[in-house]
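Here are a few notes to read alongside the model, in the order I would look at things. Have the sequence and the 3D view open as you go.

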Amino acid sequence: MCGIVGIVGKYPVNQSIYDALTVLQHRGQDAAGIVTESGGRLFLRKANGMVRDVFRQEHMERLQGNIGIGHCRYPTAGSPSSAEAQPLYVNSPYGIVIAHNGNLTNADQLKDELFRTDRRHINTRSDSEVLLNVLAHELHEENVLKLNPKNIFNAVSRVHKRAKGAYAVVAMIAGFGLLAFRDPFGIRPAVFGRRETENGTEYMIASESVALDVMGFSRIRDLHPGEALYITVDGELHTQQCAENPVYRPCIFEHVYLARPDSIMDDISVYKARLRMGIKLAEKIEREWADHDIDVVIPIPDTSTTAAMELANHLGLKLRHGFVKNRYIGRTFIMAQQQLRKKSVRSKLNPIELEFAGKNVLLVDDSIVRGTTSQQIIQMARDAGAKKVYFASAAPPVRYPNVYGIDMPAGSELVAYDRTEQQVCELIGADKLIYQDLEDLFACAREGNPNITEFEASVFNGQYVTGDVNASYLFNLEAARNDSAKAGPKGAVNDAALIDLQNAD
């Protein structure tokens, strides 16, 4: 997952994009970047690190102009190299920069095509650079000196025909305007809004509506699957459906874990969806474990708090915040190696012993991925004096790898891979384990928008909606994502040594 932002304003946009990226920081903590445009010139700053660490006053002062895009990243395809920090730039045609959230499932094929037929060189292992060059080629094929909306939408239509996978994109074409588009399944989110000023209307596109809220933009709507939006430098808004057969299949894991609870995605309140997850879990406990002996419900902060609150309320149990979170530690399941994750969990959470001592506790988490975090937290609860430790997951078992932009581990490293729920329970050391049912999870989101009948849920059911993910693809993904592959061979050159041609400052 990554965070993307684009603004066409009536005033300098550098500070607004920076502030929006800080709101979206939860979507990517590896790198950040901003590009603005003024007088036909592009101004870029990007580097590895958190938003607050990447930008200093001197960088902000150089980011001139009333139009720009921003990105915060963690790597799904490629590496943590600063050369792969976004936005990415290509000078022909026109001068284009792109910020991309998602993952192309046919990136290798496209990279080969780009070299053989388009004569384009890809300098990194990032699928975002591949997507940028596909877009650049299709814009070049319009063969015009001055682009108009029809040219732009024609190019995006051909991008949809070539690119497979998940992508929510903001791009800027120097001297022309800002472009945003979403893959034909709408897997990754994108929303846009407006803000009225004394000089006219400003527009903003972002991954989550919360970024619009914080910046004072009124939400208009989500981009539809396959839809493209183009805003000229003068502020004229144009939209068009550019996919032949768009189908709504947004990622259900956004509602489970990725998004902020105060966001609205595809007209579904993330907060309300998570409340309903708690109710569905409570109803399952009532059905299957009516004689439970739970004394207290304790959420594992922060994502599970909403579901835990409603679960406790529905069952008439006490909710207590038994863990204090160190908010300066990143999300553990995306950390590169197992040892780092183990160290991080212990420094991330600390139990309040009086909430555990002598009690039967039900710990509630949003999901269980590797099981590393769950296992350690359960042991922390026991060390703090809990009599029994039960565990509830607001999501079903995660049994399959994600190929659409969430950097989950290799399939064999998922704790539920090829294991029964009882085996997972024993492995993480719980006295009892309760998983959400998949149909209940769908119902939690669908209630917010009945027009969406299905969701992208491949991590739970192994059904990859784009139809191009087979056993061979998953085998290669396994080899690329397992911990030994991420650790790299002894003596390997770190990708950070690559030259970043577009960020020479």
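1. Surface first. This is a predicted model, and the protein in it exposes about 20,100 Å², with carbon and sulfur atoms supplying 47% of that area. As for the interior, buried residues account for 59% of the 505 residues.

2. Overall build. You will find 17 helices and 22 strands in the protein. The radius of gyration is 23 Å, close to the 23 Å that the globule rule gives for 505 residues, so the protein is as compact as a globular protein of that length.

3. Take the contacts between residues at least 6 apart in sequence: 72% of them join residues at least 24 apart.

4. Is D366 buried or exposed? Its relative accessible area is 7%, under the 20% cut-off, so D366 counts as buried. The side chain of D366 makes a polar contact with the side chain of S367, at 2.8 Å. Leaving aside neighbours within four places in sequence, D366 is in contact with V256, Y257, T303, S304, S393, A394 and A395.

5. L88, in a strand. L88 belongs to strand 5 (residues 88-90) and is buried, at 4% relative accessibility. Which residues does L88 touch, not counting those up to four places away in sequence? They are K46, A83, I96, V97, I98, S126, S128, E129 and L132. Y203 is 115 residues from L88 along the chain, and their C-alpha atoms are separated by 22 Å.

6. S16, in a helix. Look for S16 in helix 1 (residues 14-23). With 13% relative accessibility, S16 counts as buried. Not counting residues up to four places away in sequence, S16 touches I7, R195 and M215.

7. L354, a leucine in a loop. L354 is found between strand 19 (349-351) and strand 20. Why does L354 count as exposed? Its relative accessible area is 62%, and the cut-off for exposed is over 50%. L354 and K284 are 70 residues apart in sequence, and their C-alpha atoms are 28 Å apart in space.

8. Cis peptide bonds to check by eye. Going from S92 to P93, the peptide bond is cis, with omega near -5°; P93 is placed in the loop between strand 5 and strand 6 (96-104). Another cis peptide bond joins P301 and D302, where omega is about 5°. D302 lies in the loop between strand 16 (296-299) and helix 10 (305-315).

9. Positive phi angles. N143 is not a glycine, yet its phi is positive, about 55°. This residue is in the loop between helix 5 (127-140) and helix 6 (149-162), and N143 is exposed, with a relative accessible area of 69%. D418, also not a glycine, has a positive phi of about 60°. Look for D418 in the loop between strand 21 (388-393) and helix 13 (421-428); at 72% relative accessibility, D418 counts as exposed.

Key:
Residues are numbered from 1 along each chain as its sequence is written. This is a predicted model: local features need pLDDT of at least 70, side-chain atom pairs count only at pLDDT 80 or more; totals for chains, interfaces and linings use all residues. Side-chain values use heavy atoms; hydrogens and water are left out. Helices (H or I, at least four residues) and strands (E, at least two) are DSSP runs, numbered from the N terminus. The radius of gyration is taken over C-alpha atoms; the globule rule is 2.2 Å times the number of residues to the power 0.38. Buried means under 20% relative accessible area, exposed over 50%, partly exposed in between (1.4 Å probe, protein chains only). Contact means heavy atoms within 4.5 Å. Accessible areas come from the Shrake-Rupley method with a 1.4 Å probe; for residues, only the protein chains shown count as cover. A polar contact is a pair of N or O atoms within 3.5 Å; within protein, one must be able to donate a hydrogen and the other to accept it, and residues adjacent in sequence count only if both atoms are side-chain atoms.
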